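Please keep the sequence and the model in view while reading.

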Amino acid sequence: MKLHGLGYIGLKASDPSALLSFWTDVVGMMPARALPGESFGSPSVTGSGPVSGGSGKAPDGSIYLKMDDYQWRIGIHPDSTSGLAYLGFEVEDDVALAAAMAEIAAADVQITQGTPEEVQARGVCGLAWCTDPCGNRVELFYGPVHDRHFVSPTETQFKTGELGLGHALVFVDDLEASLGFYRGALGFKRSDFITFGREMSGHFLRCTPRHHSIALIHLGPFAGLNHLMVEVTSLDLLGAALDRATEAGLTITRSLGRHLNDKTVSFYMQSPAGFEVEIGFDSVLVDEAIWCDREAAGGEIWGHKTGNPNAFKESAHSLA
Ligand SMILES: [Fe+2]
């Protein structure tokens, strides 16, 4: 099957509306112009626009964020816990979705057609969902709304398109089963892996030229979201984001640096919801004709210093 990248992601937080300024004023996204399933109205009819009025805020307390032509890319939903709610990977159309469902079922993974209500809640034409071995909801969808008119409040431009919105790095408690699910049932390819120590490793999986759309990190019996990465289109935009994060008083969990494996120049900050957000630039694009799976020894070319060398493990332990 062909997956066209991480199309949308759902997150959980206790008070999503309190996070809106982080995602807009610091990260540079804008509230969705209309909520998923909501009418955009008619340009020729005064006052017929969406009831949400471009606030991005839904009646149930969720917020939706836009970062490119897609109607929305990030949904944050009220919950007593913080972290990952769902991952949405895009397929071409209804035919591709049906074929993908058949492939996944053939791999002995239960896959369920989305209900009309679930389809409307995502603003797509169709979806199916399954659960990865760590309990994360994984959706395949087609036919998202494209409404253009992305205007960043910080004049940020994000690198998305065929690469999807970015990547998610998740801790997995059952590595072998998780690799089997993503590589086997969903057809991801491994770009490379890093070994941290005995039975501790990270695996970087792609479904587009983006080096990884999901990374699976196994450090122990913990599962959950470590960080979400979005990529900007210039070094100046990356630097400006770092300035805004610093000025907002956010904790920079990893300083500016360049990863060894995907060559991304980035910094990490702790979002108000707890998990980290990485802002990146200049990530490598995989050439399928020549790229082969490999082990990447060492994590950084330079930078990415952390004031707390145990931060990675501690964030995992916090999920226990
Ligand atoms: Fe990352």
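In which sense do S10 and S11 pair, and over how many bridges? The two strands pair in the antiparallel sense, and seven bridges join them. This, like everything that follows, is read from a predicted model.

## The hairpin of S10 and S11

The hairpin formed by S10 and S11 has two residues between the strands, and within this hairpin Glu199 takes a positive phi near 55°. Gly197 has Met200 of S11 as its bridge partner.

## The nine-stranded sheet

Both of these strands belong to an open sheet of nine strands with mixed pairing, whose order is S10-S11-S12-S9-S13-S16-S15-S14-S17. Strand S10 (189-197) and strand S17 (300-303) stand at the edges with a single partner strand each, so one side of each has no neighbour in the sheet. On average, and with direction ignored, neighbouring strands of this sheet are turned by 20° against each other.

Elsewhere in the sheet, strand S9 (residues 167-171) runs antiparallel to strand S13 (residues 224-231), and five bridges join the two. Leu169 stands opposite His227, which lies in S13.

## Helices against the sheet

Helix H4 packs on the sheet, where it touches S10, S11 and S12, and its direction makes about 165° with that of S12. The buried residues of H4, which spans residues 175-185, are Leu175, Ser178, Phe181, Tyr182 and Ala185. Viewed down the axis of H4, these buried residues fall within an arc of 165°, so they line one face of the helix. They pack against helix H2 (94-106) as well as against strand S11 (200-206) and strand S12 (214-218). Just after H4 comes Gly187, which takes a positive phi of about 80°.

Helix H5 (residues 235-247) lies across strand S14 (252-259), strand S15 (265-270) and strand S16 (276-281), and it runs at about 155° to S16.

The domain assignment of the protein gives domain 1 as 6-142 and domain 2 as 161-317. The centres of domain 1 and domain 2, taken over C-alpha atoms, are separated by 22 Å, and 28 residues of domain 1 are in contact with 32 residues of domain 2.

On the side of domain 1 that touches domain 2, strand S1 (6-13), helix H1 (20-26) and strand S5 (83-90) each supply at least two residues. S1 gives the most to this side, with six residues. By class, the side of domain 1 that touches domain 2 has 19 nonpolar, six polar and three charged residues.

His149 has its place in the loop between strand S8 (137-142) and S9, and it is exposed, with 9 other C-beta atoms within 10 Å. His304 has its place in the loop between S17 and helix H6 (311-317), and with 21 C-beta neighbours inside 10 Å it counts as buried.

Glu117 and Gly37 are 80 residues apart in sequence, while in space they are 9.3 Å apart, C-alpha to C-alpha.

Key
Residues are numbered from 1 along each chain as its sequence is written. This is a predicted model: local features need pLDDT of at least 70, side-chain atom pairs count only at pLDDT 80 or more; totals for chains, interfaces and linings use all residues. A residue is buried if 20 or more other C-beta atoms lie within 10 Å of its own, exposed if 12 or fewer, and partly exposed in between; C-beta atoms are placed from the backbone. Helices (H or I, at least four residues) and strands (E, at least two) are DSSP runs, numbered from the N terminus. The arc is that of the directions from the helix axis to the C-beta atoms. Two residues are in contact if their C-beta atoms, placed from the backbone, lie within 7 Å. Domain bounds come from an automatic or database domain assignment. Ala, Val, Leu, Ile, Met, Phe, Trp, Tyr, Cys and Pro count as nonpolar, Asp, Glu, Lys and Arg as charged, and the others, Gly among them, as polar. Two strands pair if DSSP finds at least two bridges between them. Axes are lines fitted to C-alpha atoms, for helices over the stretch in contact, and angles run from 0 to 180 degrees between N-to-C directions.
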